[in-house]
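New notebook page. I'm opening this structure and jotting down what I look up.

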Amino acid sequence: MGMLDGKSVIVTGAGRGIGRDFALAMAAEGASVVVNDPGVSETGTGHDAGLAQQVVDQMLGIVGLSKSIALDMARFNVRSNCISPFAWSRLIGTIPSDTPEQQARLAKMKAMETNKIAPLAVFLASDQAKDVSGQIFAVRANEIFLMSQSRPIRSVHRAQGWTPQTVASHAIPAMKAGFYPLHRSADVFSWDPI
């Protein structure tokens, strides 16, 4: 018996890459999968329905639902979670690799396969995940992370309201200590993918 027996799912972008792996893994666990992929290029242009048809020939996926759906639809037992994938894809392949550092970074990314993400997606679509909703997960090779969510970390109040000048002179200086530095994932993770 599959973890998704009797379920119907829609997978967007299922013609290749992560979406294809999700669709195949969900079908392998018993789901009826609807494949949706217009077959556009990395820039969003063009159209090739053949990509989705190739996957449809093997089975039928899931719509990525936003956190607002998790909140708004909880009363109807609708769950929604996000998966932030770390994996090689054709879009990652468009990242410039002009320097030795960039080339080394991309070489590490090429080792991260899209099929490593599918087991989490299958679990989240199953009844075993009935109490998991509104969460953000990341998958990097054999690692699964629970990611932090946007929460207020600092606030500033001004009884008279704000002008662009008071934002510059009061609000931003008060909040600046809490600003997040701009990091790439390689700057945040102190270890290579496992």
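Before the strands, a rule: I call two strands paired if DSSP finds at least two bridges between them. Helices (H or I, at least four residues) and strands (E, at least two) are DSSP runs, numbered from the N terminus.

A note on the source: this is a predicted model, where local features need pLDDT of at least 70, side-chain atom pairs count only at pLDDT 80 or more, and totals for chains, interfaces and linings use all residues. Residues are numbered from 1 along each chain as its sequence is written, and side-chain values use heavy atoms, with hydrogens and water left out.

**Entry: the overall layout.** I looked up the elements and found seven helices and five strands in the protein chain. Going along the sequence, the pattern reads β-α-β-α-α-β-α-α-β-β-α-α. Of the 194 residues, 29% are buried (buried is under 20% relative accessible area, exposed over 50%, partly exposed in between, with a 1.4 Å probe and protein chains only).

**Entry: the three-stranded sheet.** In what order do the strands of the open sheet come? I read β3-β4-β5, with mixed pairing. The edge strands, β3 and β5 (143-146), each pair on one side only. From one strand to the next, the twist averages 20° (axes are lines fitted to C-alpha atoms, for helices over the stretch in contact, and angles run from 0 to 180 degrees between N-to-C directions).

Then I took the pairs one by one. β3 runs parallel to β4 (residues 136-140), with five bridges. Here Cys82 sits opposite Ile136 of β4, and Phe86 has Arg140 as its bridge partner in β4. β4 and β5 run antiparallel, joined by four bridges; Val139 is partnered by Ile144 in β5. These two strands make a hairpin with two residues between them, and Ala141 in the turn has a positive phi of about 55°. I also checked cover on β4: four of its five residues are buried.

**Entry: β1 and β2.** Strand β1 (residues 8-12) pairs in parallel with β2 (residues 32-36) over five bridges.

**Entry: α5 and Leu124.** Six of the eight residues in α5 are buried, among them Leu120, Val122 and Leu124. The cover over the buried residues includes α1 (17-28), β3, β4 and β5.

I zoomed in on Leu124, which is in α5 (residues 118-125). Is Leu124 buried or exposed? Its relative accessible area is 11%, so Leu124 counts as buried. Beyond its neighbours within four places in sequence, Leu124 is in contact (heavy atoms within 4.5 Å) with Arg79, Asn81, Ile83, Ala129, Val132 and Phe137. Cys82 is 42 residues away along the chain, yet its C-alpha atom is 9.5 Å from that of Leu124.

**Entry: the second largest pocket.** For a pocket, I use a 1 Å grid over the protein atoms alone: an open set of points where a 1.4 Å probe fits, with protein on both sides within 12 Å along at least five of seven lines; lining residues have an atom within 4 Å of a point. The second largest pocket holds about 500 Å³. Of its 17 lining residues, Met147, Ser148, Gln149, Tyr180 and Val188 are the closest to the centre. β3 (82-86) and α7 (185-188) each give at least two residues to the lining.

Key:
Grid points are joined across faces, edges and corners, and a volume is the space filled by probe spheres set on the points.
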